[in-house]
There are 2 protein chains.
Amino acid sequence: MSGLVLSRRDLDFLLYEWLDVLALTERKRFSEHSKETFDAVLELSEQIAVRHFANHNKKADANEPYVGDDGKVVLIPEVAEALRAFGEAGLMSGQFDDSLGGLQLPTSVSKASLLWFQAANTGTATYPFLTMANANLLIEYATADLVDSYVRPMLEGRFYGTMCLSEPQAGSSLADITTRAELQDDGTYRVHGTKMWISGGDHELGENIVHLVLAKIPGGPAGVKGISLFVVPKVLVDTDGTLGERNDVSLVGLNHKMGYRGTTNTLLNFGEKGGAVGYLVGEQHKGLAYMFKMMNEARIGVGLGATALGYTGYLHSVDYATQRTQGRPLGHKDPTTAQIPLVEHVDVRRMLLAQKAYVEGGLALGLYCSHLVDEQTTSEDETVRTNAGVLLDVLTPIAKSWPSQWCLEANSLAIQVHGGYGYTRDYNVEQFYRDNRLNPIHEGTHGIQGLDLLGRKVVADNGAGLALLVSTIQETVSRATDGVAAEYAEALSLAVQRVVGVTSTLWGTGDPALALANSSVYLEAVGHVVVAWLWLEQLLVAGDKEGAFYEGKRTAARYFFVYELPKTDPQFDLLGNLDRTTLDADVSIF
Amino acid sequence: MSGLVLSRRDLDFLLYEWLDVLALTERKRFSEHSKETFDAVLELSEQIAVRHFANHNKKADANEPYVGDDGKVVLIPEVAEALRAFGEAGLMSGQFDDSLGGLQLPTSVSKASLLWFQAANTGTATYPFLTMANANLLIEYATADLVDSYVRPMLEGRFYGTMCLSEPQAGSSLADITTRAELQDDGTYRVHGTKMWISGGDHELGENIVHLVLAKIPGGPAGVKGISLFVVPKVLVDTDGTLGERNDVSLVGLNHKMGYRGTTNTLLNFGEKGGAVGYLVGEQHKGLAYMFKMMNEARIGVGLGATALGYTGYLHSVDYATQRTQGRPLGHKDPTTAQIPLVEHVDVRRMLLAQKAYVEGGLALGLYCSHLVDEQTTSEDETVRTNAGVLLDVLTPIAKSWPSQWCLEANSLAIQVHGGYGYTRDYNVEQFYRDNRLNPIHEGTHGIQGLDLLGRKVVADNGAGLALLVSTIQETVSRATDGVAAEYAEALSLAVQRVVGVTSTLWGTGDPALALANSSVYLEAVGHVVVAWLWLEQLLVAGDKEGAFYEGKRTAARYFFVYELPKTDPQFDLLGNLDRTTLDADVSIF
């Protein structure tokens, strides 16, 4: 079993020692579960990920999907084999209800198990991940008929799912989509339009593809208020569940990307031959709200995916730095002595420590948010449920953007540790770096996360989200009373005060353009404060426990407080000064 | 003529308005030159770069060199056509002496003209660039016979050159090379060994390839003191200049890289069939010193190459942001109104401004150093010559590393401005990002530049280099007496004091391991201070001159002082605190 995909030891630490997910088994929904069942699913995930996903990660990158002479998309055969193993293990339905054949796993445990696949092969993992997100949305909002016809086959691994939001002329601006859906006498719709960037948009992996399509019903409100959501299958399904005719959905072309090459990414036409049959999900004109519920989960998923790529890159670079010898200790120039392993050079340790602080910090953030989902959906205490939702809302843009930025940086450091070898395709780290560069772009760009955090999340409900985040962090601070933990807690407390101060200063201007001029800087600064908090949490759990693992947690926490948190000071200064540089910059100067 | 390769307006500003390169024409070496000849070479370079280099940048990336059935390396035909155009224009010998058929251009003007090629197609540009560096070294240290036999054909574009330093077991650690050269009765040597990462190491572009090989002569001193330098041609050249037999140099394989794919990068065996014929350059055991003279120029060249890639990416993203419409102004949600160009969103302007500050700052740094080479080699004032050399020594690690870090970041921002399109291979920016990721690795990694700056350059001659850098910056500060320039000058002056302070604190420990523990952080902090200085210089030249170009300089300077220079404060804090985190980190924790 390769140790370079992810660290089971770290997952155990976060899930059991920190988040105490075993306490969830006392709740009705998870009462069939125990440490044994959680361990089993984590173990099984690791095995399948290493055996069936990691095995073709490089091959899928080097052999992109293409459209064959028959117009069908061709993938390397290992992808279908991996998905067969994934489906047979019941992992497609792990988080879903028993009534749907699921395991009713807590979200935190489910996300941890799925992380193995994102780390082993993000390109292949995208097919089931999109399918699960699609199913999750339909289970929540679609009729029982749609669930029976489309969701059950997805959870059985026979159908796959997509999300069709963007259009060529409307990437981040969904108000401008032009795909339209016209109501027919039989209650179905006919969908016409073009969708761009559709991952998993066409392939022959299953019997069918279930597209979730955002479209406008003519006569409805303009902009985002007139967006509805439709199920538009690739192949129509008869009432008895058998596959019928091909629907009017056609593949225009495949996009060729820098990374994520194993995932088909497509331009799709709906309705070239008269209209694609679509089924309304929920009510008319509420499509964006439904999609956004899914989108919030997808955003946390992007952060976890970025973390997974950073994590595997970190483990690869540790492995290389431990085995490869090069140079001698400082001041020992005698060329007749043996060379030392790279890890013994202090600057290499700096690069490993930075990666460790980023990827373990990102993992803590993603699992914390996943645990909040468990609290929000299953706590028996209404206040806990409500607060978990409020905290999740404010943390979501950070959970998406912070790992996308810093675990990408980790991947760059993993290349650097490898030197020239890391820049070649003979090693794995350059692919992780290329794959991870997508994450600051999709599911809402970095800039959009900044606007979401500063423009919406911290001001909603008179700042209830920010206030709860602050009190939650202060609770941790109050427990850090000894030694370096107390020292870090003081630094964290000051940083939190600055978050509160600049938020107030920015919105005190009464000028949204000025307040939001540096929302990306705000996003990055608050993200660092949040991850510093999660490092303090980890430090408190590690305490003075013995062994290299806990010493590693203590050292990475120290790294984060010494090297990383202080980076926020100049960011808060900039924000507090209400800097207008970018606002005043005239477009003619570029 | 495409405007997306480089900015001639900016080159003119830096060369004529700031560095005053026309003053060089008063010196004997450049007395045949004038504004007209400088302009002509810049114009010609732009034309050839756009027409013959930019045209196949993507094609060369998508069609890597490969070894054909006959064992010969196959490149796309456009590479040879580009090099023919480059050679015919006399650009291969632009910087060399009239006696060698050169144009005797100042280094600053020559580097500016060559930058067009690095920006247009860094993969193809590498072949002539390595050849020129090789020729430059041989002109300085080799016998007239070697110059006649090998350098003249290189400058005529008939031969190409390489640098063979690294070996599979010795990347950054040249003390450990094992290639050996045995003296023969006829005064030649027989070379045996394996060289790794040799760019341009094999191809059929010219009649011959001139390898410059570091090797050890048996019986010589151990380590770097026993390294000698040899000319080892691919094909032996008879005394009358005609090509003779194939030398004993063989291609083992090609390396496949993330970027720079147009450049062959090879593993070469010397002496598989009894020994490759080699000719000693200069004296025995002085090879590393010769190579390091070239290496210093190569390092500035790497910085300029990184800048070139950042610059072209910046121009591509400005073009995209100006043409692509998406979304509406803040607070204007009416979807029936037209969408606005991306550049009107403040966060897009932030990303453009950051790129502008990085790439124009990097260009100023590279051209300043090139101008120092002119001063060092041609000033009639001995003090000026000496000082230029001292300043160049201290600036070289920064000139190499700063653009490699920040112009790579610019390439990442260029992708981000393009959104999902930037991540596809239909656009150009993802290639720039992949190409540029090499630059923090080759010609001395980022970490090695940090050790060079803090461990050698700022302490050499009792700190003469640092003292001169400080007084040079303070001279600029003293000229910044009005308005924002005075304000920035004060911030710069404080930052310079911190450089001096932490340098003294670090070395005051008397413990080199502790002093150098954070040499990479030192490198990055001092780099930002140096570039802030060069932005103040540019701001002073721009003054209150009218027009968008000068307004752009003022805005980018403001950006650098507001967003970038303050990042150094926590870095100086860390250094001043003599932080031991990385030093104390035990290797077992990873």
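# Structural report on the predicted model

Chain A contains 19 helices and 12 strands. The model is a predicted one, and every value below is computed from it.

## Overall form of chain A

The C-alpha trace of chain A extends over about 80 × 60 × 60 Å along its principal axes.

## Helix packing in chain A

In chain A, helix H10 (residues 382–418) crosses helix H13 (residues 460–479) at roughly 100°, and their axes come within 9 Å. Because angles from 65 to 115 degrees count as roughly perpendicular, H10(A) and H13(A) are therefore assigned to that class. On the H10(A) side, the contact involves Asn387(A), Val390(A), Leu391(A), Val394(A) and Leu395(A). These residues meet Ala464(A), Gly465(A), Leu466(A), Leu468(A), Leu469(A) and Thr472(A) in H13(A). By class, the contact of H10(A) with H13(A) comprises eight nonpolar and three polar residues, with no charged residues.

## Helix packing in chain B

In chain B, helix H9 (residues 346–378) packs against helix H17 (residues 548–564) at an angle of about 95°, with the axes 9 Å apart. H9(B) is therefore roughly perpendicular to H17(B). H9(B) contributes Arg350(B), Leu353(B), Ala354(B), Lys356(B), Ala357(B), Tyr358(B) and Glu360(B) to the contact. From H17(B) come Gly552(B), Lys553(B), Thr555(B), Ala556(B), Tyr559(B), Phe560(B) and Glu564(B). The residues of the contact of H9(B) with H17(B) fall into seven nonpolar, two polar and five charged.

Most residues other than glycine have a negative phi. Asp461(A), by contrast, has a phi near 50°, a positive value in a residue other than glycine. Asp461(A) lies in helix H13 of chain A, and its relative accessibility of 68% means that Asp461(A) counts as exposed. In chain B, Asp461(B) likewise has a positive phi, near 50°. Asp461(B) is found in helix H13 (residues 460–479) of chain B, and at 66% relative accessibility Asp461(B) counts as exposed.

## Individual residues

Asp10(A) is located in helix H1 (residues 8–18) of chain A. With 0% relative accessibility, Asp10(A) counts as buried. Leaving aside residues up to four places away in sequence, Asp10(A) touches Tyr311(A), Glu360(A), Leu363(A), Phe549(A) and Lys553(A).

Thr143(A) occupies the loop between helix H6 (122–141) and helix H7 (144–155) of chain A. Its relative accessibility is 46%, so Thr143(A) counts as partly exposed.

Ala133(B) belongs to helix H6 (residues 122–141) of chain B. The relative accessible area of Ala133(B) is 21%. Since buried means under 20%, Ala133(B) is therefore classed as partly exposed. Not counting residues up to four places away in sequence, Ala133(B) touches Met163(B) and Met294(B).

Ala80(A) is part of helix H4 (residues 77–88) of chain A. Ala80(A) is also partly exposed, with a relative accessible area of 37%.

| Residue pair | Separation in sequence | C-alpha to C-alpha distance |
|---|---|---|
| Thr143(A) and Gly282(A) | 139 residues | 7.5 Å |
| Ala133(B) and Gly301(B) | 168 residues | 9.7 Å |
| Ala80(A) and His52(A) | 28 residues | 9.9 Å |

Notes: Residues numbered from 1 in each chain as written. Chains lettered and ligands numbered in written order. Predicted model: local features only at pLDDT ≥ 70, side-chain atom pairs only at ≥ 80, totals over all residues. Heavy atoms only, no water. Axes fitted to C-alpha atoms, helices over the stretch in contact; angles between N-to-C directions. Helix = DSSP H or I, 4+ residues; strand = E, 2+ residues; numbered from the N terminus. Parallel < 35°, antiparallel > 145°, perpendicular 65-115°, else oblique. Contact = heavy atoms within 4.5 Å. Nonpolar A, V, L, I, M, F, W, Y, C, P; charged D, E, K, R; others polar. Buried < 20%, exposed > 50% of the residue type's maximum accessible area, 1.4 Å probe, protein only.
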